[in-house]
Amino acid sequence: RHHELADDPDAALETLLVARKAAGGNVGRGASLARAALDLARRHPSLHERVDELSRLAVNDLFLAGRWTDLEPLVNNLWPARHTMPPEARAWLANVAVMDLLFLGELARARATADEEVAQIETAGDSSAAGLLLAQAAFLANFSGDFAVARHRSERAVAIARGSGDAEASARAQLVHILARRRLDRSRERSVADLRDNAAFARSAGLSVREANALFVTAYMTLQHEDFTAAETVGAAAGTWYAPLAQVLHGLLHVLEGRPDRAEALLARAGGEVRHGIPSLGCVVDVAEAHLFLHRGELDHARGFLDQLPADTVAAQIPMLRSGHAGARGWLAWEEHRLGDAAAAFAESLTSCLAGGGYDIIDTGPLMLPLQADTLVRLDRPAELQQAIDRCVAADTEPDRFSVAAVAAARFRLAP
């Protein structure tokens, strides 16, 4: 700033770029400095020729940091010119645009953009630079519950990334492939081992964001506190969005294990950052906080987080997100003795959980099954309860500890 005030914008820009480079593996800090450099160049006519270069630099850093709301206007500025870009640059920008749209809550546009850009690559006949884009298209399919499509696209992405020697694309594609196979034909234990290998690969390649990504997924699959702590630590050191999201899910884990005070501290620390920085996942925070208040018996506070989901929101369209929201609504209805409403919400939660492969992102079965069991017994619907139990058991040959406990409790309620 002193250089700029001294009417030396070139020195000011150089200072910012040197500081960005010195930020090392912290992409969040680097993104802030890159954005400051871009704003500086826009303010000074003598630096206007650097704007395009700095725009791409800022987009790259903001993308890695997961600062989706800050990224949006920059992507919108670059997107109309994609048709004039070399294939590699267009595929990279498309990968950024797809993820930005998804986490801003524009699921339909994200899907359409991914499909259009993948089709464009296939028409052009050269996919050598499209490993990361195909990996993101695979992630979008997996997140939406389209696991077979996710596996197909991730297999292609892995092959392309390995062939091109792109370590970042390879790490991301392998991770998405692990996720897709987990839902189709891979055990939890094998998937976790693959995720740990993925994190090690990213670490050896100096890819701090990809390492944070792998550790985050590992944590929500193992549901172990030490894995969440590792994800939070590495994510924070990298300055990426995986850190606050890991803290939110860690808070939910504390609720499930009966530690509301620890949960509240984590949600207070990270909830606002997720809500404002990752709009489509704000519902994850709402659901975690609703579970916390329900655990404490503070029904009015819980109700405030559980409005009906508009049909066009990401949370309403992504099964695993809908599962957690419906589960919390069912719990609230159960507490208020609205058994018919509770049964309907629990049924929605169970179906969404099994279709989407998780409950509010975490890799677990329908956590509200014990309350669903009590509800259905009191409504004299034992056959429906037995069917729900059977579906839960069949869904995962290697269930997590919460699912095992939920099934056991439901069976006892059905036949004490």
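# Close-up views of a predicted model

**View 1. The second largest cavity has a volume of about 90 Å³.** A cavity is a set of points on a 1 Å grid over the protein atoms alone, where a 1.4 Å probe fits but cannot get out. Points are joined across faces, edges and corners, and the volume is the space filled by probe spheres set on them. Residues with an atom within 4 Å of a point form the lining, and here they are F63, L64, W68, M99, F103, Q136, R172, V209, R210, W241 and Y242. Helices α4 (51-65), α6 and α12 each give two or more of these lining residues; helices are DSSP runs (H or I, at least four residues), numbered from the N terminus. By class, the lining has eight nonpolar, one polar and two charged residues. Here Ala, Val, Leu, Ile, Met, Phe, Trp, Tyr, Cys and Pro count as nonpolar, Asp, Glu, Lys and Arg as charged, and the others, Gly among them, as polar.

**View 2. How far can you trust what you see?** This is a predicted model, in which local features need pLDDT of at least 70 and side-chain atom pairs count only at pLDDT 80 or more, while totals for chains, interfaces and linings use all residues. Residues are numbered from 1 along each chain as its sequence is written, and side-chain values use heavy atoms, with hydrogens and water left out. The mean pLDDT (the predictor's confidence in each residue, from 0 to 100) is 92 for the protein chain, and 97% of its residues reach 70 or more.

**View 3. The largest cavity has a volume of about 290 Å³.** It is one of two cavities of 30 Å³ or more. Of the 25 residues that line the largest cavity, F139, F143, L179, Y220 and I361 lie nearest its centre. The elements giving two or more residues to this lining are α6, α8 (131-143), α10 (167-184), α12 (208-222) and α14 (242-256). The lining has 17 nonpolar, four polar and four charged residues.

**View 4. The largest nonpolar core holds 118 residues.** Such a core is a set of buried Ala, Val, Leu, Ile, Met, Phe, Trp, Tyr and Cys residues joined through side-chain atoms within 4.5 Å; buried means under 20% relative accessible area, exposed over 50%, and partly exposed in between (1.4 Å probe, protein chains only). W68, F103, F143, F216, Y220, L281 and L321 touch the most other members. Helix α6 (residues 87-104) supplies the largest share, eleven residues. Apart from this core lies another, of twelve residues, including A343, L385, I389 and C392.

**View 5. F103 has partners beyond its sequence neighbours.** Leaving aside residues within four places in sequence, F103 is in contact (heavy atoms within 4.5 Å) with W68, F139, W241, I278, P279, S280 and L281. F103 is also among the residues lining the second largest cavity.

**View 6. The largest pocket holds about 480 Å³ of space.** A pocket is an open set of points with protein on both sides within 12 Å along at least five of seven lines. Its lining is made of 29 residues, of which R183, C392, A395, D396 and T397 lie nearest the centre. Helices α10, α20 (339-356), α22 (382-395) and α23 (401-414) each give two or more residues to it. There are 14 nonpolar, seven polar and eight charged residues in this lining.

**View 7. Helix α21 is largely enclosed by the rest of the structure, because seven of its ten residues are buried.** The buried residues are L369, L371, Q372, A373, D374, T375 and L376. They pack against α19 (319-335), α20, α22 and α23. After α21 comes D380, with a positive phi near 60 degrees.

View 8. L223, although not a glycine, has a phi of about 55 degrees. It sits in the loop between α12 and α13 (225-238), and its relative accessibility is 1%, so L223 counts as buried. I361, also not a glycine, has a positive phi of about 80 degrees. I361 lies in the loop between α20 and α21 and, at 7% relative accessibility, counts as buried.

**View 9. H295 belongs to helix α16 (residues 282-296).** Its relative accessible area is 36%, so H295 is partly exposed. Not counting residues up to four places away in sequence, H295 touches V255, G258, P260 and W331.
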